[in-house]
Amino acid sequence: MEFSLSTFILEVINFLVLMWILKHFLYRPVLNALEKRRASIAEKIKRADNKMAEAEALQAQYHQRLQKWDAEKQQLQQTLQQELQETRKAQMTKLQNELAEKREKNQVNLQQELDQTLKQYQSQAHHQGAQFASKILHKVAGPEVEQHLLSLLLEQFTQLDEDKKNRLKKACQEASQHIEISSAYPLPDQQRQRLTDALTELCEDPVTLSFDEDKALLAGLRIHIGAWSLRLNLRDELNGFVELDSENRAL
Amino acid sequence: MNHSEIAIESLFQIGPIAVTNTVVTTWAIILGLSAFIWLYMRHLAGAPGKLQTAVEAVVIAMEDAIAAVAPQQAKRLLPFIGSLWIFLVVSNLAGLIPGVHSPTRDFSATAALAILVFVSVHWFGIRISGLKSYLHHYLTPNPIMLPFHLVSEITRTVALAVRLFGNIMSLEMTALLILLVAGFLAPIPILLLHIVEALVQAYIFGMLALVYIASGIQAQALRQSQIEDKHTAKPME
């Protein structure tokens, strides 16, 4: 174990030099680099924290906005629902009214159709009845029927009211007391006389009668006094059915 | 066994100063470390590579080790303690190179380092606590302790120097003896032990230096806190 003072001194100097070199060229740059890196990392962390805070603030803001939008959406939905209900209600009312109107129209149309059908059937019935009556009356028509009809006519003359009598009297005067009488069968003298008497009494003046035969009347008489025409024969009665049917149709 | 294998040779003379192989090896180590640092600094980048990461890891590990003992003075103590560790590791391992001897097998070198530690304890103690306050700690807890403190200062410094010198010198000598007795490749296990021992001794030396410095600083801090406690306790009485 030797001790050399020069080695001792040189080693002290050597170590101090080494320490200076290491301090200035190793520790300081390394520590500075580490410090810079730490600062950079801290800065990045700070920036990240700031961004995080901003993101959280934005998230909160968006959350609030979403809530607001939800509330607005809900309110709008409620309003829309109300409007829809009101519209639906109005449309339903309108539709019901239209349906009621249509139903009423349909009922009217149906009623009209029914009436028309009924009238048609009635007309057919009348027509068929007239045909049937015409066939029967053709078979039953004869001088006896005509005699009964004449009796019936004369009886009706007696039942006329004063107004009708006056008008007939006036018609006689206008026709210069000339009266034309058509019959389906030749009238016997007795019946002609009865007719002459009745008409003379009705016109209150002597009248001249002219007789002719018209087989189309089937049975009965047709008396023309000027513009007047008194009809009591089967043909005209049957025509009366047809006219009545035509009148009903016209209505 | 040649005497020159163990003896410290004086290689040349610069005036009155004899330059030994220990000093030359130390210069070589300083040059090697400087070259490494120069190369390292050339490749210093913001995104560290493998080498930079390794160097940074070493520096951080040393700083953390110092901070574990003296948390508030870690940055101030790092150049001295860190340099001790680096220099001792490299110096101790230099003996593994054939033809090269560890500078730390020379008592003059270990004594120089021990003296530097001795000076640095007072240097840091005075710089941090002030001269009066620092010197006062030799009188605590009682002025009777002053001789013991003084003896302790000397013995621990001597112990530092002798411990490192003894370990490294004995390792080299052992390896040399085994080589002489058993032949080539026989000292390999001892060389492996040399590696472990070199690292352990470097750590112990540096850690003891750190503990001595920290104790000098913290003794003052403890005393100051006790004084402050007394001052704050008085109004209560």
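## Chain B at a glance

Chain B has 8 helices and 2 strands, where helices (H or I, at least four residues) and strands (E, at least two) are DSSP runs, numbered from the N terminus. Read from the N terminus, the order of elements is α-β-β-α-α-α-α-α-α-α. This is a predicted model, so to speak of local features takes a pLDDT of at least 70, side-chain atom pairs count only at pLDDT 80 or more, and totals for chains, interfaces and linings use all residues. Residues are numbered from 1 along each chain as its sequence is written, while chains are lettered from A and ligands numbered from 1 in the order in which they are written.

Take the contacts in chain B with a separation of 6 or more: 64% of them join residues 24 or more positions apart. A contact here means C-beta atoms, placed from the backbone, within 7 Å.

## How confident is the predictor?

Chain A averages 86, with 98% of its residues at 70 or more. Within chain A, helix 1 (residues 5–140) is highest at a mean of 89, and helix 5 (residues 234–250) is lowest at 75.

Chain B has a mean of 83, and 89% of its residues reach 70 or more. For the model, ipTM is 0.87 and pTM 0.59.

## Where the chains meet

Chain A puts 26 residues into the contact and chain B puts in 33. The chain A side of it splits into 19 nonpolar, 4 polar and 3 charged residues. For these classes, Ala, Val, Leu, Ile, Met, Phe, Trp, Tyr, Cys and Pro are nonpolar, Asp, Glu, Lys and Arg are charged, and the others, Gly among them, are polar.

## A helix pair in chain B

Helix 2 (residues 21–42) and helix 4 (residues 74–94) of chain B have axes that come within 11 Å and cross at roughly 120 degrees. That makes helix 2 of chain B oblique to helix 4 of chain B, since under 35 degrees is roughly parallel, over 145 roughly antiparallel, 65 to 115 roughly perpendicular and the rest oblique. Axes are lines fitted to C-alpha atoms, for helices over the stretch in contact, with angles from 0 to 180 degrees between N-to-C directions.

From helix 2 of chain B, T25(B), I29(B) and L33(B) meet I86(B), V90(B), S91(B) and A94(B) of helix 4 of chain B. By class, this contact has 5 nonpolar, 2 polar and no charged residues.

Notes:
pLDDT is the predictor's confidence in each residue, from 0 to 100. Two residues are in contact if their C-beta atoms, placed from the backbone, lie within 7 Å.
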